[in-house]
Amino acid sequence: MDMQDDCIIDVSGLVKRFGEKSAIDHVDMKVKRGEMYAFLGPNGAGKTTTVRVLSTLTGFDEGTVIIDGHDIVKEPREAKAAIGVIQQHISLDKDLTVWENMMAHAMYQQMPKAERIKKIDQLSEYIGLGDYYNFKVDKLSGGWKKRVAIVCALVHSPKLLFLDEPTVGLDIQARRGLWDLLRKLNNDGMTIFLTTHYIEEAESLCTRVSFIEKGKIIADGTPEDLAHKIGYFTVESFGKDHNTQYAYFQTKAEADEYAKQFDDTMTVTVRRTNLEDAFVEMTGNRIGDNGFMLQKATNPKEAR
Ligand SMILES: Nc1ncnc2c1ncn2[C@@H]1O[C@H](COP(=O)(O)OP(=O)(O)OP(=O)(O)O)[C@@H](O)[C@H]1O
Ligand SMILES: [Mg+2]
């Protein structure tokens with residue numbers, strides 16, 4: 001398999017402008033088949049715009065986007081067939097039941113009736129939705145709504161699934177349930193591209209991560225690669241001024257040597273560098289105690 005075949009997403013020189021402003025600013029990116037890939041960045045970084053462009057929901061100004069070997073401008077039909085997408089604000093009809101929503105979606109994909117029913121049954125069983133067929137969508141919790149949206153997105157058997165901030169507003173249990181489902185899908189061969197502003201989501205789920213800020217990719221690699229770019233070991237020191245200082249070193253010996261200088265009025269920890277350290281160092285974004293970026297509401301009631 002050559003590199004082109006190996007990549008399900010191949011983006012070069014991508015630019016998307018709103019007026020003077022570039023929401024996507026010369027982005028190059030390749031995602032290999034079978035990857036679980038995260039776009040990690042703060043509010044306004046360009047995550048939603050990127051998902052919308054790559055999934056053909058909106059146009060762009062410069063560059064090329066190849067999805068599953070098809071240029072999305074020249075061969076939109078072939079490219080679209082490979083793509084399933086779950087947008088940041090999921091678009092289900094609240095007044096319809098789970099089953100009716102899924103059927104409406106399959107009809108939109110122009111699937112014959114017998115095939116629609118078979119596929120929806122199959123997917124619902126896979127995703128554990130069967131018991132909810134007759135529920136009105138607005139009676140479901142956020143986690144189950146996401147699952148309905150996932151069935152809708154997968155009904156035409158795409159190879160690649162885009163999810164824009166899939167776990168915003170979900171409680172911890174629903175979030176973990178959704179993570180397990182995404183792992184299962186990925187394990188069964190689905191390539192997944194998700195955006196998130198949760199560091200721990202990218203770190204625990206994804207094989208590869210890009211940091212995106214102001215429409216530009218500023219670093220990418222496995223969570224381990226990114227952590228190690230700044231130094232394998234971190235010395236964290238906390239003292240009377242209540243400010244935590246961080247220093248990074250490639251070897252444990254160097255980190256231990258550095259840690260020795262502090263007297264016992266300081267609390268000093270030597271540990272492995274993680275994705276959060278890398279993110280803070282490379283982007284200058286601060287992160288709260290719970291591991292979430294501070295710019296965004298973390299209370300589900302405030303989150304959109
Ligand atoms: N339809 C639009 N018209 C004008 N500007 C837009 C439009 N959509 C997005 N933008 C701008 O493009 C930039 C990127 O927005 P985008 O929604 O892609 O960011 P995001 O990373 O998804 O943010 P969030 O975390 O808040 O969802 C922002 O500055 C935003 O204001
Ligand atoms: Mg967004």
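This is a predicted model: local features need pLDDT of at least 70, side-chain atom pairs count only at pLDDT 80 or more; totals for chains, interfaces and linings use all residues.
A residue counts as buried here if 20 or more other C-beta atoms lie within 10 Å of its own.

**Overall build**

- The chain has 11 helices and 13 strands. Its radius of gyration is 21 Å, close to the 19 Å that the globule rule gives for 304 residues, so the chain is as compact as a globular protein of that length.
- Taken along the principal axes, the C-alpha atoms fill a box of roughly 75 × 40 × 40 Å.
- Of the 304 residues, 37% count as buried.
- Among contacts in the chain with a separation of 6 or more, 67% come from residues 24 or more positions apart.

- Six strands make an open sheet in the order 6-7-8-3-9-10, and the pairing is mixed.
- At the edges stand strand 6 (83-86) and strand 10 (216-221); each has a single partner strand, so one side of each is left without a neighbour in the sheet.
- From one strand to the next, the twist averages 15 degrees.
- Helix 6 packs on this sheet, touching strand 6 and strand 7 (160-164), and its direction makes about 160 degrees with that of strand 6.
- Helix 11 (residues 275-283) also packs on the sheet, where it touches strand 3, strand 9 and strand 10; its direction makes about 30 degrees with that of strand 9.

**Strand 3 and its partners**

- Strand 3 (residues 36-40) is mostly covered, with five of its five residues buried.
- On one side, strand 3 runs parallel to strand 8 (residues 191-196), and five bridges join the two. M36 has I192 as its bridge partner in strand 8, while Y37 stands opposite F193.
- Strand 3 also pairs with strand 9 (residues 208-213), again in the parallel sense, over four bridges. Here the bridge partner of L40 is F211.

**The nonpolar cores**

- As a general point, nonpolar side chains tend to be buried together in soluble globular proteins.
- The largest nonpolar core of this model has 68 residues, and the members that touch the most other members are I9, A38, L40, I67, V148, V151 and F162.
- Leaving out residues up to four places away in sequence, F162 touches V51, L54, S55, I83, V85, I86 and F193. F193 is the residue of strand 8 that stands opposite Y37.
- Apart from this core lies another one, of five residues, among them F233, V235, Y248 and A255.

- Three strands form a second open sheet, in the order 12-11-13, with antiparallel pairing.
- Its edge strands are strand 12 (244-249) and strand 13 (267-272), and each of them pairs on one side only.
- Neighbouring strands are turned by 20 degrees against each other on average, direction ignored.
- Strand 11 and strand 12 run antiparallel and are joined by six bridges; V235 has A247 as its bridge partner in strand 12.
- The hairpin of strand 11 and strand 12 has five residues between the strands, and H242 takes a positive phi there, near 65 degrees.
- Strand 11 (residues 233-238) is also joined to strand 13 by six bridges, and this pair runs antiparallel as well. In strand 13, V268 is the bridge partner of S237, and T267 is that of F238.
- Helix 10 (residues 252-259) lies across strand 11, strand 12 and strand 13, running at about 15 degrees to strand 11.

Conventions:
Residues are numbered from 1 along each chain as its sequence is written. Chains are lettered from A and ligands numbered from 1 in the order in which they are written. Two strands pair if DSSP finds at least two bridges between them. Axes are lines fitted to C-alpha atoms, for helices over the stretch in contact, and angles run from 0 to 180 degrees between N-to-C directions. Two residues are in contact if their C-beta atoms, placed from the backbone, lie within 7 Å. The radius of gyration is taken over C-alpha atoms; the globule rule is 2.2 Å times the number of residues to the power 0.38. A residue is buried if 20 or more other C-beta atoms lie within 10 Å of its own, exposed if 12 or fewer, and partly exposed in between; C-beta atoms are placed from the backbone. A nonpolar core is a set of buried Ala, Val, Leu, Ile, Met, Phe, Trp, Tyr and Cys residues joined through C-beta atoms within 7 Å.
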